[in-house]
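The entries follow in the order in which I made them.

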Amino acid sequence: MADARITLHPDFRRGTVDRRLFGSFVEHLGRAVYTGIYEPEHAQADEHGFRRDVADLITELGVPMVRYPGGNFVSNYVWEDAVGPVEERKPFLDLAWRTVEPNLVGTDEFLQWAEREGIEPMMAVNLGTRGVDAAAALLEYCNGEAGTRWADLRIANGRTEPYGVKLWCLGNEMDGPWQIGHKDAHEYGKLAAEAGKAMKLVDPSIELVVCGSSSMQMPTFGEWERVVLSYTYDIVDHISMHAYYEEHGGDRRSFLASGTAMDQFIDRVVASADAVGAERRSDKKITISFDEWNVWYLETRFPGESNLPIQRDAPRIIEDVYSGLDAVVVGDLLVTLLNHADRVPVAALAQLVNVIAPIMTEPGGEAWRQPTFHPFATTARLAQGTALDVRVEAPSYETTRHGAAPTVTAAATVGDDGALGLFLTNRTDRVVEVDLAHVGAALALTEGHQMVADHEPAVHGPEHAAKVAETCWSSVDVASAVTGTAGGTTTVRLAPESWTAFSGTFTRA
């Protein structure tokens, strides 16, 4: 008897996998921008000052979209001060992260970098200390045709063609008391509705993301979604979700089940949004922009924004280094996102470089892949086409933080050409065998990769990252991993505390 059973069929479909599901995030925080993506003095800097080695790793990571400029940073950001000649810009104190922002990279620099790298930008407007006018003006600056004030300013600054930015966030985490310009749900809902209305008058083709709860643990969670959407339902397209996970006190069992908490969070936000739609008798479905998610040791390693001294010159803030265990959890969180592809078209791993990121750099030095890089890049490469509605039958185990959680999780995608991506997590500390039931369909596994959890503390630097990659990340010998095939069932073996990705083909028999 196998330890779990997974039923797969090409006709059991969850929804199309939007490529924006594999987005990421660059905020003016720590070294995400300066000595992250941008370092003019670096040997590999391009003519615009952006690091070519970092851009190459971003391409390898498979990120199609990047959110910018925040994050908490956006809530006291005056975008007009960061356009035009760089030599005329003035540094300013960013209140969110208590850092003196040099203002060398602004809207034009970021959008042109994204364009050169083939990345879709996701822009955020300041609804903390600013409002409707500034939001509409920024959109006009980015997307307007010649002959209006802000579009002509863009042209005067050297960019003739509109950028055509389609995806816009109406502020950031406005439910959080830490946010500059924090508002209650009614205040924010009214402001977001008016800003969104003005922005869609400037450019009706845009998609708008309204702020949802900053986490499921917020005291206003649920009620916030209901109130905010009661004002904005007809104007916005997506509601945001943010969630971070970490290991508490060596509780590996709960940490490995973080995907269960993410799954519950998504289900509850969907239920809240649909309840507002039902009350309005609307056929419209609000979808989710899960535009901040990751493993972040927020409670155990970060002292909190208010405890940061005022700093200059791209300080090292929130530079978590990751282990093989962290990477297994990231892979499992990706399983959860794929299983909600019908309602989560947009997501952003927070963040992209240096700040709780899959890519790390040293100023003037090398760039390297953190352990979390590998499951993300592999999923972004293999998850194509349609997410299948995968049925998993597996025992549950009890966790301190998340209650009962399944021991095995799975997601699968199939392309129009029958290309299969199969993603499996074994949350237990023993080898498990999983029956893949595919009656009426032909399944062939041709390639495999796995990340196994380690027990070593994470250490900063490329040497540690390389050691984790060598010991925890490996190709899978598919012939050895498949332990049996019979009667429309393929049985695979999964290592303890592991995340595994298979590719192959999956077609109707």
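I looked up Gly71 and found it in the loop between β4 and β5, helices (H or I, at least four residues) and strands (E, at least two) being DSSP runs numbered from the N terminus. A cis peptide bond joins Gly70 and Gly71, with omega about 10°. Pro69 is also found in the loop between β4 (65-68) and β5 (92-94), and a cis peptide bond, with omega about 0°, joins Tyr68 and Pro69.

I noted that this is a predicted model, in which local features need pLDDT of at least 70 and side-chain atom pairs count only at pLDDT 80 or more, while totals for chains, interfaces and linings use all residues. Residues are numbered from 1 along each chain as its sequence is written, and side-chain values use heavy atoms, with hydrogens and water left out.

Next I turned to phi. Most residues other than glycine have a negative phi, and most peptide bonds are trans. Thr35, in the loop between β3 (23-25) and α1 (52-61), has a positive phi near 70°, and with 15% relative accessibility it counts as buried (under 20% relative accessible area; exposed is over 50%, partly exposed in between, with a 1.4 Å probe and protein chains only). Ile318, in the loop between β11 and α9, has a positive phi near 55° and is buried at a relative accessible area of 10%.

I then examined Ser289, which lies in strand β11 (residues 287-295) and is buried, its relative accessible area being 0%. Leaving aside neighbours within four places in sequence, Ser289 is in contact (heavy atoms within 4.5 Å) with residues including Met122, His238 and Val346.

For helix packing, I found α9 (residues 324-338) and α10 (residues 373-382) at an angle of about 30°, with their axes 8 Å apart; axes are lines fitted to C-alpha atoms, for helices over the stretch in contact, and angles run from 0 to 180 degrees between N-to-C directions. The two helices, α9 and α10, are therefore roughly parallel to each other (angles under 35 degrees; over 145 is roughly antiparallel, 65 to 115 roughly perpendicular and the rest oblique). The contact involves Ala327, Val330, Gly331, Leu334 and Leu338 of α9 and Pro375, Phe376 and Thr379 of α10.
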